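Work through the exercises below with the sequence and the structure at hand. Each task is followed by a solution in steps.

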Amino acid sequence: MLNPESAELRWQAVQTRDKEADGEFVYAVRTTHIYCRPSCNSRQPNRENVEFFALPAAAEAAGYRACKRCQPRSAKLTNPRIELVQSVCDYLNEHAGNSSETTLEALAQQFHFAPQYLQETFRSVLGISPRQYAEARRLDHFKNTLRAAGSVTEAIYEAGYGSPSRVYEKATQQLGMTPAQYRQQAKGIQINYTAHPTHYGTLLIALTDRGVCAVGLYDDTPSATAALIHEYPQASIAHDETLASLAQRVVEHIDSGAPLPDLRWDVQATAFQWKVWQALTRIPRGETRTYGEVASAIGEPTAARAVAAACGSNKLALIIPCHRVIGSSGELRGYKWGIERKRELLASEQG
Ligand SMILES: [Zn+2]
């Protein structure tokens with residue numbers, strides 16, 4: 001953990017876009033999942049959404065992607081110790097699947113430093129040992145393969161764990177449930193859907209027993225169902241004709257302003273995304289707002305870019321009307337289900 005004082009200094013460097021601080025640390029923004037060097041020119045985030053990391057590898061390990069604008073990976077690291085830790089992280093990422101190559105002894109050989117020195121340097125920069133870092137990466141990898149692999153045993157070997165009994169001990173502790181339960185949980189979802197032809201394209205609506213989990217517009221039924229299967233590879237998915245009337249009501253809302261059916265949402269979201277999506281539902285049919293206006297409406301006037309990102313991650317087309325949000329000079333910007341559809345939807349609502 002960073003002490004409060006140095007977090008404060010880092011935040012000052014971000015606010016002043018201090019070039020001198022480049023290579024000393026990176027900052028990451030929870031709402032956009034992007035990390036930057038301190039001097040990045042992109043719009044400044046709200047303090048409460050910012051997290052600091054000593055080096056790019058640590059931000060990436062926490063799930064952040066490098067900013068395309070400032071390319072934090074290419075900042076010259078100012079401190080040779082941090083540079084060393086960065087190389088060790090990169091090496092560990094690459095070899096996470098092979099536990100014999102990630103021992104302290106193997107690292108010492110690879111990097112030509114005494115094991116003790118490597119261990120201490122790594123710990124002083126990242127706060128954890130190389131072994132703990134490698135374990136965390138392996139667990140990430142394991143979680144991903146559990147969702148995709150044919151069996152738990154397959155996932156265990158693929159993630160580089162030596163033996164099934166050992167992973168049950170360790171992973172059960174780390175996942176908070178057994179690997180089988182973890183995999184079962186994703187697999188157990190039942191999803192019912194309809195793919196309904198409309199003049200905006202094929203409208204897909206999918207529901208779990210907890211609420212609506214996907215709504216989108218596609219060229220045809222096969223591409224609609226393919227998108228659903230891609231999003232929920234482990235779920236049991238069934239066509240349900242009784243949902244056609246629901247699809248009909250959603251289209252009537254766009255076409256003529258009939259009230260939207262009141263549906264519960266079953267979607268994963270951060271608190272910020274949730275706030276943005278709620279705000280979108282308050283934009284009346286026939287009207288538009290800019291990303292900046294939505295940002296102001298939720299009390300975060302500087303968060304227009306994060307609002308755009310939250311619009312882009314909307315999984316419930318039309319129900320959460322992200323098509324009603326446009327650029328500040330009236331340009332349509334993007335739409336996950338096709339910019340032409342956004343144009344048609346707005347024309348129909350405003351016509
Ligand atoms: Zn940046």
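**Exercise 1. Which residues of helix α4 are buried?**

Step 1. Helix α4 spans residues 104-111, and its buried residues are A106, L107, A108 and F111. Buried means under 20% relative accessible area, exposed means over 50%, and partly exposed lies in between (1.4 Å probe, protein chains only). Helices (H or I, at least four residues) and strands (E, at least two) are DSSP runs, numbered from the N terminus.

Step 2. An α-helix has 3.6 residues a turn, so residues three or four places apart point the same way.

Step 3. Just after α4, H112 takes a positive phi of about 55 degrees.

A note on the model: it is predicted, so local features need pLDDT of at least 70 and side-chain atom pairs count only at pLDDT 80 or more, while totals for chains, interfaces and linings use all residues. Residues are numbered from 1 along each chain as its sequence is written, and side-chain values use heavy atoms, with hydrogens and water left out.

**Exercise 2. Find the atoms that coordinate the zinc ion, and state their arrangement.**

Step 1. The coordinating atoms are the SG atoms of C36, C40, C67 and C70, at 2.3 to 2.4 Å from the zinc ion. Donors are N, O and S atoms within 2.8 Å of the metal (3.2 Å for Na, K and Ca); water is not among the atoms, so sites may look incomplete.

Step 2. Along the chain, the spacing of these donors is C-x3-C-x26-C-x2-C.

Step 3. The arrangement is tetrahedral because the 4 donor atoms subtend angles of 105 to 121 degrees around the zinc ion. Four donors count as tetrahedral if all angles lie between 85 and 135 degrees.

Step 4. C36 and C40 are both buried. C67 counts as buried because its relative accessibility is 10%, and C70 counts as buried because its value is 11%.

Step 5. The structure holds 0 disulfides, a disulfide being a pair of cysteine sulfur atoms within 2.5 Å.

**Exercise 3. What lines the largest cavity?**

Step 1. The count comes to 1 cavity of 30 Å³ or more. On a 1 Å grid over the protein atoms alone, a cavity is a set of points where a 1.4 Å probe fits but cannot get out, and lining residues have an atom within 4 Å of a point.

Step 2. The volume of the largest cavity is about 40 Å³; a volume is the space filled by probe spheres set on the points, with grid points joined across faces, edges and corners.

Step 3. Its lining consists of G23, E24, F25, V26, R37, A54, L55, P56, P72, A75 and L77.

Step 4. These residues divide into 8 nonpolar, 1 polar and 2 charged. Ala, Val, Leu, Ile, Met, Phe, Trp, Tyr, Cys and Pro count as nonpolar, Asp, Glu, Lys and Arg as charged, and the others, Gly among them, as polar.

Methods: Four donors count as tetrahedral if all angles lie between 85 and 135 degrees; four count as square planar and six as octahedral if opposite donors are over 155 degrees apart and all others between 65 and 115; anything else is irregular. On a 1 Å grid over the protein atoms alone, a cavity is a set of points where a 1.4 Å probe fits but cannot get out, and a pocket is an open set with protein on both sides within 12 Å along at least five of seven lines; lining residues have an atom within 4 Å of a point.
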